[in-house]
Amino acid sequence: MIVVLGEIGYELFLFLVGVRMDLELIRRTGRKVMITGILCVLVPFVTSMVVQNHLMIPVFKLTKDQISKLPYLTTSYCMTSSPVIVLLLEDLNLLNSEIGRLAVSASSISELFGTICIWFSSVLYRMGKVKPVAETLLVFGAVIGSMLAFLFIFRPILFWVIRQTPHNKPVKKCYVNAIIVLMLFVIILSHYYGHSFHFLVFVLGLSVPAGQPLGSTLEELLHVFISQVLLPIYVTAYAMKANFRLVDFNDPATVITAILIVFIFLVKIVGSMVAPLYCKMPLNDAFVLALILSSRGIVQLSVYTRFKDDQTASESVHALSLASIVVTATLVPVIVNRLYDPAKKYRVYERRDIMHLKPNAELKILACIHKSGNIPAVINLLDAACPSKENPIDIYVLHLIELIGRSSPVFISHQMQKKSISNGYSDNVILYFNNFVRENLGAVTLNIFTAISPPKYMQEDVCTLAMDKHTSLIVLPFHRTWAIDGSIESDDNATRTLNRNVLERAPCSIGILVDRGHLGRSTSAVASGQSFSVAVIFFGGEDDREALTFAKRMASDSAISLTVIRLVAVTNDFTTGGEWDKILDTELLKEFTHSQVGEGFVIFLEELVKDGPQTALLLRSIVDEYDLIIVGRRFQAECPQTAGLSEWSDFPELGTIGDLLASTDLNCKTSILVIKHQLQNT
């Protein structure tokens, strides 16, 4: 009973694997990935066949039955499974890294090629040996016919179902139930006809369009029950069938199997490295990619166990095959962790900040959007930065969408392709920002991207895009949102984790935008021509200087009133750095001691405070006077002006002052921008 339950769980797992796999993504795969995926299977397959036929079989005395079974075992050792690769990358937190994306795409190609070969070979062997030829041809034709029907009849019907589903609405339950009933019917056929219909469950899942709304609905219904209940039962039941004490190296078939496993693993690594090295990938990265593609897991467990049940593999060969899964599953993650650190590529030694931009240089900003509610505040912030032909802004908008119902992350450039595969979920983003560009013709350059990935890996999308586009500032929405009446509307812990991860590795300066009302009320809060008041709270240090430099751009707009408030300690010890920091602070503030900077009106105030509580009282008294307050993060920076405040901090990512201004104790609608200067590597 447990074995049957586990078997059903594995077939449901295969169905979900097919649902997550995006056929369109495979079709658009680049040449490097396509060749890597094919060579990953083809090179070890061809070389191992040559070696076993011309070197091993003549040396080792095998029976005719063993010789006839050996090619099927060899083929199974050459295969690469996409689900295994995805699970490995998730465990290593590499799913969204450059290596991870290449591995997922290449493994998808390898799996389609390898799984079809395995299925055809095993079916033909089993049915040719056990069943009559007429029945073999009948079942074979039924499977092929069903596959074609799923891909060319059932799949278009499902696309019609998606078109009938209103935008942002769930698919009707009757359609979902019909798919599940069909899936269960195929599973019953799989049990009745054995391995013949086993692959058909995967093809059925493959015919379901990946992602929202249909693929994600099936994923939400089945994923937890399959992964947490049925799949562990399956792994336990099948692993218990192996008896490692039965491994007999006096058996020629076992010795050949051991040699083939090691030989194929090594050749597979070499074959997987050919295309990446030809495309100028670093040797270390190419080796890591090859290691990942050579790993084994649950899919191989299923194949080896079925070969044992079909008597294609002996008890000794089966136990040795399962031992190879344990060894690779243990060693590969350890080696990959030692050799590959995805955060290394974000460590830059050049200035990528606002302070060191040349006069009138283009300011490159990466703006992240999670939902439509983030758009107005971000657009108003960009508008307040006063884009002009003399001081242009290059905007890169990244729409971050949670990955549901897909096995691999998707990154879309809306400039490179006219039709988005995100099913219209970025349409609002494109509409609003294109309108912003039209209102600032010649002053704003726009590029929009969509990243569909698990939340815990989104920092890779953000930092990679910032790295590639040489941006000076990343704008991240704060994880907390406020309702119109000032109450907390929502807290998104995934967004908070993303912000903290980006802070740790970003290749440029970062701004966390806390929208408490004024910026998010409409997309024209700044452009309407009405007065817009901005304040900069300045203590000293590179974060504050970066914040003040960004605010300086706003002074070019006559509709913006800028107030610079410098808080000085009574002890006159107002900087956290050394003498050099004091000199830099003084030089930057000289421009603001006059009442006019650019065309805007600038007020410079200097306030004496003795400690943190007095600073808090001062900020509470002025917070309602401004639409936007800009502060430096100054994380763990100790000074008399903030003494005692850090102990009450709830959000370290905002720094002491940012946390105070975003506190629920302040019932205000003033938005806050917390800026952290670029991390410098020495």
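A nonpolar core is a set of buried Ala, Val, Leu, Ile, Met, Phe, Trp, Tyr and Cys residues joined through side-chain atoms within 4.5 Å. Buried, in turn, means under 20% relative accessible area, with exposed over 50% and partly exposed in between, using a 1.4 Å probe and protein chains only.

Hello everyone, and thanks for having me. Before we go in, please keep in mind that this is a predicted model, where local features need pLDDT of at least 70, side-chain atom pairs count only at pLDDT 80 or more, and totals for chains, interfaces and linings use all residues. Residues are numbered from 1 along each chain as its sequence is written, and side-chain values use heavy atoms, leaving out hydrogens and water.

Let's start with the overall picture. The protein chain has 682 residues, of which 57% count as buried. It contains 22 helices and 14 strands; these are DSSP runs numbered from the N terminus, with helices being H or I of at least four residues and strands being E of at least two. The chain exposes about 29,400 Å², and carbon and sulfur atoms supply 60% of that. Those areas come from the Shrake-Rupley method with a 1.4 Å probe, and for residues only the protein chains shown count as cover. Now for contacts, meaning heavy atoms within 4.5 Å. Among contacts between residues at least 6 apart in sequence, 84% join residues at least 24 apart.

Back to the cores. Which residues have the most contacts inside the largest nonpolar core? They are F13 and F15, in a core of 67 residues. Helix α10 gives the largest share of this core, nine residues. Apart from it lies another core, of 53 residues, including Y626 and L666.

Take F15 itself. Leaving aside neighbours within four places in sequence, F15 is in contact with I179, M183, V201, L204, G205, V208, L218 and L222. L218 counts as buried because its relative accessibility is 0%. Not counting residues up to four places away, L218 touches F15, L16, V19, V176, I179, I180, V208 and H223.

On to the aromatic rings. Rings of Phe, Tyr and Trp (its six-membered ring) pair if their centres lie within 6.5 Å; planes under 30 degrees apart count as stacked, over 60 as edge-to-face, and the rest as tilted. A search of the whole structure finds nine such pairs. Y77 and Y304 form an edge-to-face one, 5.5 Å centre to centre with 65 degrees between the planes. This pair links distant parts of the chain, since Y77 is in helix α4 (residues 64-78) and Y304 is in helix α13, 227 residues apart. Both Y77 and Y304 are buried. F150 and F154 also pair: their centres are 6.1 Å apart and their planes at 65 degrees, so this pair is edge-to-face. Both lie in helix α7, residues 133-164, four residues apart, about one turn of the helix. An α-helix has 3.6 residues a turn, so residues three or four places apart point the same way. F150 counts as buried at 9% relative accessibility, and F154 does so at 15%. There is also an aromatic cluster made of Y10, F13, Y234 and Y238.

Let's return to helix α13, residues 298-309. Its twelve residues reach 17 Å from first C-alpha to last, close to the 16 Å expected at 1.5 Å a residue; the expected span is 1.5 Å times one less than the number of residues. How many residues of α13 are buried? Eleven of the twelve are, so to speak, mostly covered by the rest. The helix is followed by Q311, whose phi is positive, near 65 degrees.

Just after helix α11, K280 has one of about 70 degrees. N93 has a phi near 60 degrees and lies in the loop between α5 (82-92) and α6 (98-130). N93 counts as partly exposed because its relative accessibility is 44%. R634 takes a positive phi of about 50 degrees although it is not a glycine. R634 is buried, with a relative accessible area of 7%.
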